[in-house]
Amino acid sequence: MRKFLILIVFVCCSAALYGQVDTVRLGYSVQGNVVDAVSGRPMESVHVSVPGRHYATVTNADGDFTIKSDQPVSEVVFSYLGYRTLRQKAVGAPLRIRLTPESMPLAEASIVMGDPREILGEAIRRIPDNYSKNPELMECFYRETVRKRNRYIFVSEAVARLYKTGYDGNIYRDRAALEKSRILLSQRRTDTLSVKMQGGPTQALTFDVVKNPEILFDEEELSLYEFEMGMPTYIGDRIQFVIHFRPGSRPVDWALFHGTLYIDRDLLSFTRIEMSMDMSDVDKATRQMIIKKPLTLRVTPKELSVVISYRLKDGQSRLEYFRSTMRFNCDWKKRLFATAYAVVNELVVTDLREPAVPIARAEAFRSVDYLIEKAAEFQDPDFWKDYNIIEPSESLEHAIGRLRRGR
């Protein structure tokens, strides 16, 4: 049986240690808001970067961003799937950015079609050329939220480091470590269940399917799927092959995935991967998602989806963003109604550090650790000061405020 993401459900417990690690001071910042130029709606998860520097972040649910640098910022670059990349001078008041959807000319569309299995095979063969062969140490922002129905019962955030060896090797020396964190909302004593997600920021290492091919890209896995070409699209200003995949007819003992691959037309590098576990066999999905629960609790998985994206710079791609979403219903035997839970984890790479010093095993966040327990060990009241991290959306902050007032 294969395990892709693991959830544990049991009674709440906590820890209470404190500490922090210093970083380079980022004394300059640019703030603003990003909306769709056609609809005027705020755009979430838009990639925001400083050209010529490693600093980056993404917009929150309200389209807001703050990006920091150790030098004055003259320009900021904005990019998002299906929209034109925009380079904007950083002058004056907070920036008001309007991104325009990218249209695909028919002449271009005619040259970005082909056999999906052949395109995918060639993209896999080019991984050692399209991704870094050298180790990299990445500074990241990580957020984990647990929602019970429409109420947040846990919100925690962390600054983390990811150490990744070259893409011509395996993931066994890749590690994550926390530097500082804060708990915005702890689980209430009145909640019947504590929902814990195993792995925290290490999930981004496990689900880096470009470097960890056994999840999707090894020959055995690929033989279990069917592929078809979709309509091409732009990510930033680069044309992408779009390949949809779904489980084939061959029976297996574990749940497979549906999804979409976005592959750069010119370099044949993977730009974005979207995967959702097939929930048609609930027993298979449950075995892969749930490893511990009370005996009298019934758990019904509803969704396990993953988005992972890579950013091209200087001819090589590297990990940029990761998000996993899990939804499931829980009900105790002899109760009439089930309770819906949702767990969302996000990680965005915000900087590269030099030199790329490996993370010692003793300080590494293990795949069996839980952020709900580890966060308190790295608690820092001045959490935002010197990091490029995503400030909570207004909607999330308001939700937390309502919960605190209602206690």
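Predicted model: local features only at pLDDT ≥ 70, side-chain atom pairs only at ≥ 80, totals over all residues.
Colleague: Which residue in β5 is the bridge partner of S29?

Modeller: Strand β2 (residues 28-36) and β5 run antiparallel. Six bridges join them. For S29, the bridge partner in β5 is K68.

Colleague: Which residue caps the N-terminal end of α2?

Modeller: Helix α2 covers residues 116-125. A side-chain oxygen lies 3.1 Å from the backbone nitrogen of R117. That oxygen belongs to D115.

Colleague: Which strands do the buried residues of α2 pack against?

Modeller: The buried residues of this helix are P116, I119, L120, G121 and A123. They pack against the helices α3 (127-130) and α5 (219-222). The strands they pack against are β13 (225-229), β15 (238-247), β16 (257-264) and β17 (270-277).

Colleague: Is F322 buried or exposed?

Modeller: Buried means under 20% relative accessible area. F322 has a relative accessible area of 1%, so F322 is buried.

Colleague: Are the rings of F207 and F322 stacked, edge-to-face or tilted?

Modeller: The structure holds nine aromatic pairs, and this is one of them. The ring centres of F207 and F322 are 6.1 Å apart. Planes under 30 degrees apart count as stacked and those over 60 as edge-to-face. The planes here are at 35 degrees, so the pair is tilted.

Colleague: How many residues apart are F207 and F322?

Modeller: F207 is in the loop between α4 (203-206) and α5. F322 is in strand β20 (residues 316-332). The pair links distant parts of the chain, 115 residues apart.

Colleague: What about F328 and Y341: stacked or tilted?

Modeller: F328 is in strand β20 and Y341 in strand β21 (residues 339-353). Both F328 and Y341 are buried. Their ring centres are 5.7 Å apart, and their planes are at 10 degrees, so the pair is stacked.

Colleague: Which residue lies over the face of Y167?

Modeller: Y167 forms one aromatic cluster with Y131 and Y310. At 5.7 Å from the ring centre of Y167 lies K211.

Colleague: Over which ring does the charged end of R147 sit?

Modeller: The charged end of R147 is 6.0 Å from the centre of that ring. The ring belongs to Y152.

Methods:
Residues numbered from 1 in each chain as written. Heavy atoms only, no water. Buried < 20%, exposed > 50% of the residue type's maximum accessible area, 1.4 Å probe, protein only. Helix = DSSP H or I, 4+ residues; strand = E, 2+ residues; numbered from the N terminus. Contact = heavy atoms within 4.5 Å. Polar contact = N/O pair within 3.5 Å; in protein donor to acceptor, adjacent residues only side chain to side chain. Pairing = 2+ DSSP bridges. Phe/Tyr/Trp six-rings, centres within 6.5 Å; stacked < 30°, edge-to-face > 60°. Lys NZ or Arg CZ within 6 Å of the ring centre and 35° of its normal.
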